[in-house]
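Good morning, and thank you for the time. I would like to take you through the side-chain contacts and surface patches of one model.

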Amino acid sequence: MRPSRPVFVVILAISAVVAAQPRELRWAGDSEGGAPFVEADPSRPDRVVGFDVEVASLLARSLDRVPRFVNITFTSIDQSIARGDADIGLSGIEDTPARRATLAATIPYYRFREVLSVRDGDEGRFRTLSDLRGKRVGTLGGTIAYEILLGAEREYGLRAVSYEDDVHPYSDLIIGRVDAVLLDNVLAERRRQTIAGFTVQPQSVAIGHYVGVLAPSNAPLRDSLNETLRGAMRDGSLERILRAWGVWNDDQPALYARLLAGDQVPAVVVDDTGLETAASLGVLSQWDAAHRYLPSLVRASLVTLVLSCLAMALAVGLGTLIALGRVYGARPVGLVLTAYVEIIRGTPILLQLFVLYYGIAAAVRLPAFVAALLGLALNYAAYESEIYRAALQAVSVGQLEAARTLGLTERQVLTLVRGPQAFRLALAPMTNDFVAMLKDSSLVSVLTVLELTKQTQIFATNLGSWVVPGLLCAALYLAMSLPLSALARRLERRWKAPAA
Amino acid sequence: MSDALLRLQDVGLGRGTRRILDGVAFAVARGDLVAIMGPSGSGKTTILRTIAGLEPFERGEIVVDDVRLRGGAPAGMGTLRAIRRKVGMVFQFHHLFEHLSAIDNVCLAPVHALGIARPAAERRAHELFVALGVEHRAEAMPRHLSGGEAQRIAIARALAVDPPLLLMDEPTASLDPARRVELGELLCRLVAEGRTLVIATHDEEFARTWATRVLRVREGVVTERDNPGNNPGNKM
């Protein structure tokens, strides 16, 4: 069917408008990362500002395109770029051998130093990583700094603590949960403006660079962006941007001179020669990496298993008490317990974990594992209590009356008849919850507890691929949950509740 | 009836505006087998439940041996414990504990309510199973028992704590004619052993054949006292 004349005109008009639209350069960043990289403009929150925003504009202009910001979680930028969600990732992204191997990385546009921050009183004691034997040192997970700390764990016996953001390492440093923080100088300087009480050691631990990352198929675009970056280094426009955001320093002219002379710049230079890190080792093959990371994945699954078992045991105990209180307790007790259950079920578990670990830190400073254990247990107790309450109420009145006419006390009716029957009814949903708990325990990585999912994420970030880490992680979770499900099925068969 | 084991006087109970029991009064002598008859909803089961202390009532009085339940206020735990030492109950649907085997059902109360040692409780349970003809089902779970077997296990469970008065709700409901005769003979044996029985039933023939007395209930009122003149011991 041929389009009628008016329809044809409309199609032509739309095509003309679309053709007239300037092309976009979609660039990915994480506005949660904040200034000076990318942050929501305080005066216009729908806009982003930062030196990465200006670098993106500079690159887009050179291509005669319009920059369009795509907000992507920092740890997922590599994967997003690889699958084509944006043309380039720019958000303080570190140059690493893995990124160079798996993505098309631009030349570096900024040189940073990994620096050690310590509490004001400790600057004489903790000058380098080797001074921190037995101490906890925090950093952002999945970064060069984290890799360096893993090397230092082996070499100097310190404890690397992985955070999901760059604020809490410093606030935990001040309250004593960690004794030092290793992060780049840009992040350390930024935090020093808002948090008092820590000192940045002058000696740097490593030198690294920020780059833009593109999909490997976008190598020609990368090459032309490299030319733009070199031009901006030459004509001073990159310097103007970095000066405007207060991050220009003497390291940059040295970097630009080498790049403009056509020299290769190594991704990372670790100043502490005693350290061997994945970052400095270069690129590992998938299987070498799997071999290297498997022990830490197994260790992390042990954390997951122990945490889940302990939290579930606590949740079952607490849940039972709550259910009994609601079924047998006086009205005020029932009301308080109902309020508890509704508040816990009505708010996200992540919020509860944050409140337990960071929110009440001024009053009670719980260790990360204890906060994680309590958070999971208190949350699951609410859900368990509902299962047990329903199960207790599902035991027929006839069973209870039969027990009473035999002369059993109310307590005996509960422990000998109602409880055992309710337990059989509750078993299937309980097992379900335990398997769910194994997986929900991954949420506690926000409290710096290094469990299986977090360890896998770190592994995947360093490797630049989720395939092998994802498979290993899934296999470990299944190895934990399948036997549990099988055991529950056996118990259910054995105690099969009679058909109603 | 001076040797009454059970005496109800002016027992009244209502739900909302509806009268469930209205001035129920009767006495049961030791060794009697009394059948309470009446159509569905007439209050038969409620009479048994008030005697067993499962249903608080509003007025009147129930006396079992030397234990007294008064209407108008919930009975204290001590009174309830005392009455349950005197009264055993076999429910229409048996209500065997679903999570326990037959033998565990029968041993539960002797061990936990009376403090009898488990081996002694098991010996007593075994004797009851032999007497009731269900010794081969001792280890069975309730869900695997037939209606007749479940009823006998439920009788054994009630008898295991040795109450002088045994209440049974609709005992013939799930039995075929041959089993009804067996049940009648069993009840007569229990009476011959000195037990007093009150059964609620709407099985006219069963009541006329086996009961020493029949009470008729209509709309919560005992309307007729009928004495078939049976001597249960003679039916054996």
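**Salt bridges and surface patches**

At 33% relative accessibility, Arg345(A) is partly exposed, a class that lies between buried (under 20% relative accessible area) and exposed (over 50%), computed with a 1.4 Å probe and protein chains only. Before I continue, please note that this is a predicted model, where local features need pLDDT of at least 70, side-chain atom pairs count only at pLDDT 80 or more, and totals for chains, interfaces and linings use all residues. Residues are numbered from 1 along each chain as its sequence is written, chains are lettered from A and ligands numbered from 1 in the order in which they are written, and side-chain values use heavy atoms, with hydrogens and water left out.

Which residue forms a salt bridge with Arg345(A)? The partner is Glu386(A), with the closest N and O atoms 3.9 Å apart; the criterion is a side-chain nitrogen of Lys or Arg within 4 Å of a carboxyl oxygen of Asp or Glu. Glu386(A) belongs to helix 15 (residues 368-394) of chain A and Arg345(A) to helix 13 (residues 331-346) of chain A, so the pair ties together parts that are 41 residues apart in sequence. Helices here are DSSP runs of H or I with at least four residues, strands are runs of E with at least two, and both are numbered from the N terminus. Glu386(A) is buried, at a relative accessible area of 16%.

Glu386(A) also meets Arg389(A) in a salt bridge of 3.0 Å, N to O. These two residues are 3 apart in helix 15 of chain A, and thus separated by about one helical turn. Through shared partners, salt bridges join Arg326(A), Glu342(A), Arg345(A), Glu386(A) and Arg389(A) into one network. Over all chains, the search finds 48 salt bridges.

Arg47(A) and Asp41(A) meet in a salt bridge at 3.0 Å, N to O. Arg47(A) is partly exposed at 39%, whereas Asp41(A) counts as buried at 10%.

I turn now to the aromatic residues. The structure holds 10 aromatic pairs over all chains. In one of them, Phe112(A) and Tyr210(A) have ring centres 4.8 Å apart and planes at 35 degrees, so the pair is tilted; rings of Phe, Tyr and Trp (its six-membered ring) pair if their centres lie within 6.5 Å, with planes under 30 degrees apart counted as stacked, over 60 as edge-to-face and the rest as tilted. Both Phe112(A) and Tyr210(A) are buried.
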